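User: I'm new to reading protein models. Could you walk me through this one with a few questions and answers?

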Amino acid sequence: MSFWNDPLRVAADWLQGIFVGWGMNETGAHVLVVFLGVLLLITLLMVLDIFLVWIERKVVARFQDRLGPNRLGPFGLIQPFADIIKLIIKEDTTPGDADKVVYNLAPILSMMSVLILWAVVPLAPVMLGTDLNVGVLFLIAAGAIGTLSIIMAGWASNNKFAMIGGFRQVAVMVSFEVPMLTMLLIPTIFAQSMNMNAIIDAQNVWYVWISPLGALIFLIAAIAELGRAPFDLAEGESELVSGFNIEYSGMKFGMFYAGELLHAFTFGGFWAILFFGGYRFFGLEQVSPFLAILILIIKAMLGYWVIMWVKYTMMRIRIDQMLSFNWKFLTPLSFALLLVTALMNALLASAPTWLYILGMFLANVVTGWIALEIARSATRQERERIEGPNKKVAEASH
Amino acid sequence: MNEWLYVALFIIVGLIIPIGAIAAGFIFGPKKPNPIKESTYECGIEPVGEAWIQFKAQYYIFALVFLVFDVEAVFLFPWAVKLGQLGLYAVIEGIIFVAILVVGLVYTWRKGMLEWA
Amino acid sequence: MTGAQIIFLMVAAFTLLSAVMVVTTRNLVHAALWLVSTLFGVAVVYALLNANFIAVVQVVVYIGAIAILFIFAVMLTRKDMRDSGPQINKNWWAGALVAMLTFAGLAFLLSGWSGFSKTAAELPAGFDSISLLGESLVSPEAYVLPFEVASVLLLAALVGAVYVAFNPSKK
Amino acid sequence: MVPLSWYLLLAAALFGIGLFGVLVRRNAIAVLLGIELMLNAVNINLVSFWRYSDVLTSMSGQVFSIIVFAVAAAEVSVGLALVISVYRRRNTVIADELDMLKW
């Protein structure tokens, strides 16, 4: 057992030895070591978060044919640190009419709800996440705290825009939680476990091949859960001047902002874990845990990049369109997909692997195609109802 | 029990870090409050009326439909874990379970309660 | 006193304190938020009892959905949330007395029971409560009927609530 | 190890506090908050009886508490819908003032 093969264990044993040497008992030393490990992980995440600001700004700049931050340091890499310093030395105002305690608690809970997600992330074969047999539901439980923090921020600010923004965001988040929960059931069915580690272990075939539609619906629901464009009407800069976080300034705003970016990256990571095999990549993960973490980060970054791509390509949709899209299309579709998956899983249980994969893939494609056809005919009827049935005839006669 | 200890540590550290960051902002930032600065932001004009007002009933409907399907999904998780070993009858039970609830969704839809108006 | 006992006492104190705040706070949104902290305390109690699934479901269903529903309902029924007038009945002492008597009665009844101070057996290694739970929820010998009836109950609740809250006869 | 009695006493205390809320609060929504506390107290009992029973493999306690979740969800959704409906007609949520059936 060397540092290269299992760095965490080596470091933990070494530290534990030191603490025991200082006269601590075994359990206390163990808890302290784990605490330090968690502190290290979360500190690294916060550093990563600072770079995410830079990445996000660079990528959006490229999407919009600009340069992005390029003054401070090489490629503007120092820019996010300057932003942090600015946030720290800014005056932290609290509105006089606000509900002070709830107002101050909201950004803390918002950041915490993102950070605790990493408790169940398996980083490498030897650095598994917490061995929680309800890992998948833990994702939703942490999301529930995030939802609560937004409603708290919106209510406590005592500002009309914040209130409307917070309420809209919560309505959207809870609505899209239904397809997300349903799509979390699909990896659970395949892996026969809710444990994230077990789900990665079971992915000899990436689940995106046996449930491409599931991966897509999960991504859409995740984007809505994150409150990013095209579902960002909680912030809606042009209508609600930033929505629920309008009254926040300084580091409290920074917590919401950093939380949002880290949340997006984290969901990129969960997308990779649930549907793209997590840290697994053709056996490369066995070489070294460092390589496994690198694979996971690259996959998470790709997922994050897709989320950014959607954000900077699509325009914001209205809340009624968004809720209709969820309840009238995405939710029924996700239930249908769940039942089709469960049925095919039972029918193909004894089939050879290639047939199983092919059958599942085709079932997904057929389900998605039928759903699209139904949606298309429904929207055609809707359009004819609004425009009048004779419009097409009139246009044709021109 | 042990696994929840890790989660508890994550919660503790997850609280310490944002509190520390906000405290840093509090320590290093200037503190010169005045009534104008502390007034509610409403795009530059004087705030009008109260923000803690009565809200649209439609929010309640969406939260309600969500609550029902949330509980439903929770029931399905143990089912999904066990599904691979149970065979077809469990799948059929799940289909009946979901179908009953989809009736509720259809009812809400037909009543026009899913419209935002 | 062992570590488990200290943790339990802390969690219990937190839960009960929040519960007291739920029933005494004047501001209803604060009461709902205190309810959230009570429910979180109860979730920790479930975790202490090794009921992982119930603990996480407690957070998902109660904090994620029911508490949100409460907050929405408060917003919908209050024109001004800083409500004037008493929040508590005139004869609150009678209520307090009944509550105290209930607690005392329950404690008295329980203390006479033989299994009162039982201690729990260690969980067997590899004990998978979720898989057992799934099995008992769908197996015909166990709880498949409650499982399906729960779906009917939820359907009835959805239809009933939609009908009651938004009866179109009154607009 | 924590004995069963502690959990049962916690549940009983929670039940008492919930009962106090139900009896004393004037606002109908606050009454529902009290009912939630009582339901949670019941759930603590169910789960602790499961944990302290001799047959851990029998999941009755957990199954029952999951059913209680469904019941709580149904109760809250219909209860709050009633409150909202009453509020729309009578413009009040104070339980004492809803005395139409008295006459």
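This is a predicted model: local features need pLDDT of at least 70, side-chain atom pairs count only at pLDDT 80 or more; totals for chains, interfaces and linings use all residues.

User: Let's start with chain B. What pattern does chain B follow along the sequence?

Analyst: Good place to begin! Chain B holds four helices and zero strands. The pattern of chain B is α-α-α-α.

User: How much of chain B is made up of buried residues?

Analyst: A residue is called buried here if 20 or more other C-beta atoms lie within 10 Å of its own. Chain B has 117 residues in total. The buried share of them is 44%.

User: Which helix of chain B gives the most to the side that touches chain A?

Analyst: The contact takes 57 residues from chain B and 68 residues from chain A. On the chain B side, α1 (2-28), α2 (35-38), α3 (58-86) and α4 (88-110) each supply at least two residues. By class, that side has 43 nonpolar, eight polar and six charged residues. With 18 residues, the helix that gives the most is α1(B).

User: Now for chains C and D. Which helix gives the most to the side of chain C that touches chain D?

Analyst: This contact takes 73 residues from chain C and 60 residues from chain D. Six helices of chain C can be named here, each supplying at least two residues: α1 (3-24), α2 (28-48), α3 (52-77), α4 (92-111), α5 (129-138) and α6 (144-165). The side of chain C that touches chain D divides into 55 nonpolar, 16 polar and two charged residues. The helix that gives the most, with 11 residues, is α4(C).

User: What distance separates the centres of the two domains of chain A?

Analyst: Chain A is divided into domain 1 (1-85) and domain 2 (90-318). Taken over C-alpha atoms, their centres are separated by 19 Å.

User: And which helix gives the most to the side of domain 1 that touches domain 2 in chain A?

Analyst: The contact takes 16 residues from domain 1 of chain A and 12 residues from domain 2 of chain A. On the domain 1 side, α1 (7-21) and α2 (26-63) of chain A each supply at least two residues. By class, this side has 11 nonpolar, one polar and four charged residues. With 10 residues, the one that gives the most is α2(A).

User: Are α9(A) and α11(A) roughly parallel or antiparallel to each other?

Analyst: The axes of α9 (residues 212-226) and α11 (residues 250-275) of chain A come within 10 Å and cross at roughly 165 degrees. The crossing of α9(A) and α11(A) is right-handed, and their contact includes Phe218(A) of α9(A) and Trp271(A) of α11(A). The residues of this contact divide into 10 nonpolar, one polar and one charged. Angles over 145 degrees count as roughly antiparallel, so α9(A) and α11(A) are roughly antiparallel.

User: How about α4(A) and α11(A): are they roughly parallel or antiparallel?

Analyst: Helix α4 (residues 100-115) of chain A packs with α11(A) at an angle of about 20 degrees, with their axes 9 Å apart. The crossing of α4(A) and α11(A) is left-handed, and the residues in contact include Met111(A) of α4(A) and Leu262(A) of α11(A). By class, the contact has eight nonpolar, four polar and one charged residues. Angles under 35 degrees count as roughly parallel, so α4(A) and α11(A) are roughly parallel.

Methods. Residues are numbered from 1 along each chain as its sequence is written. Chains are lettered from A and ligands numbered from 1 in the order in which they are written. Two residues are in contact if their C-beta atoms, placed from the backbone, lie within 7 Å. Ala, Val, Leu, Ile, Met, Phe, Trp, Tyr, Cys and Pro count as nonpolar, Asp, Glu, Lys and Arg as charged, and the others, Gly among them, as polar. Domain bounds come from an automatic or database domain assignment. Axes are lines fitted to C-alpha atoms, for helices over the stretch in contact, and angles run from 0 to 180 degrees between N-to-C directions. Angles under 35 degrees count as roughly parallel, over 145 as roughly antiparallel, 65 to 115 as roughly perpendicular and the rest as oblique. A crossing is left-handed if the near helix is turned anticlockwise from the far one by less than a right angle, and right-handed if clockwise. A residue is buried if 20 or more other C-beta atoms lie within 10 Å of its own, exposed if 12 or fewer, and partly exposed in between; C-beta atoms are placed from the backbone.
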